[in-house]
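Colleague: Could you take me through one part of this model closely, and tell me which of its residues are buried and which are exposed as you go?

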Amino acid sequence: MSPGETELAKPLFWMGSTHEDLKAFPAGVRQAVSFALFQAQLGRKHVDAKVLKGFSGAGVLEVMSDFDGDTYRTVTR
């Protein structure tokens, strides 16, 4: 992170139980998702983020992460 980047980061708002849900993800998945969310706050797109189908033009992105036979999905706008 370069100096001043945190000042440029957009605020992150959690809806419903999403923050608690993220805390329940395995550590590696939490790290990947947290980094993807931080990149979104800076106006960047994580390498694993894809436009969510059915929301074209709305800026809705999905990050999926596989771990131990399970798939974890996070959606951000």
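Modeller: I will start with the loop between strand 2 and strand 3, where Asp68 lies, bearing in mind throughout that this is a predicted model. Asp68 counts as exposed because its relative accessibility is 69%, above the 50% cut-off for that class.

Turning to strand 2, which covers residues 61-67, one finds Ser65. Ser65 has a relative accessibility of 15% and therefore counts as buried, the limit for that class being under 20%. Leaving aside residues up to four places away in sequence, the contacts of Ser65 are with Val29, Asp70, Thr71 and Tyr72.

Strand 3, which spans 70-76, leads on to the largest pocket, because strand 3 supplies at least two residues of its lining, as do helix 2 (18-23) and helix 3 (27-41). The space in this pocket comes to about 650 Å³. Its lining is made up of 24 residues, and those that lie nearest the centre are Leu12, Phe13, Val75, Thr76 and Arg77. Sorted by class, the lining of the largest pocket holds twelve nonpolar residues, together with six polar and six charged ones.

How values were computed:
Residues are numbered from 1 along each chain as its sequence is written. This is a predicted model: local features need pLDDT of at least 70, side-chain atom pairs count only at pLDDT 80 or more; totals for chains, interfaces and linings use all residues. Side-chain values use heavy atoms; hydrogens and water are left out. Helices (H or I, at least four residues) and strands (E, at least two) are DSSP runs, numbered from the N terminus. Buried means under 20% relative accessible area, exposed over 50%, partly exposed in between (1.4 Å probe, protein chains only). Contact means heavy atoms within 4.5 Å. On a 1 Å grid over the protein atoms alone, a cavity is a set of points where a 1.4 Å probe fits but cannot get out, and a pocket is an open set with protein on both sides within 12 Å along at least five of seven lines; lining residues have an atom within 4 Å of a point. Grid points are joined across faces, edges and corners, and a volume is the space filled by probe spheres set on the points. Ala, Val, Leu, Ile, Met, Phe, Trp, Tyr, Cys and Pro count as nonpolar, Asp, Glu, Lys and Arg as charged, and the others, Gly among them, as polar.
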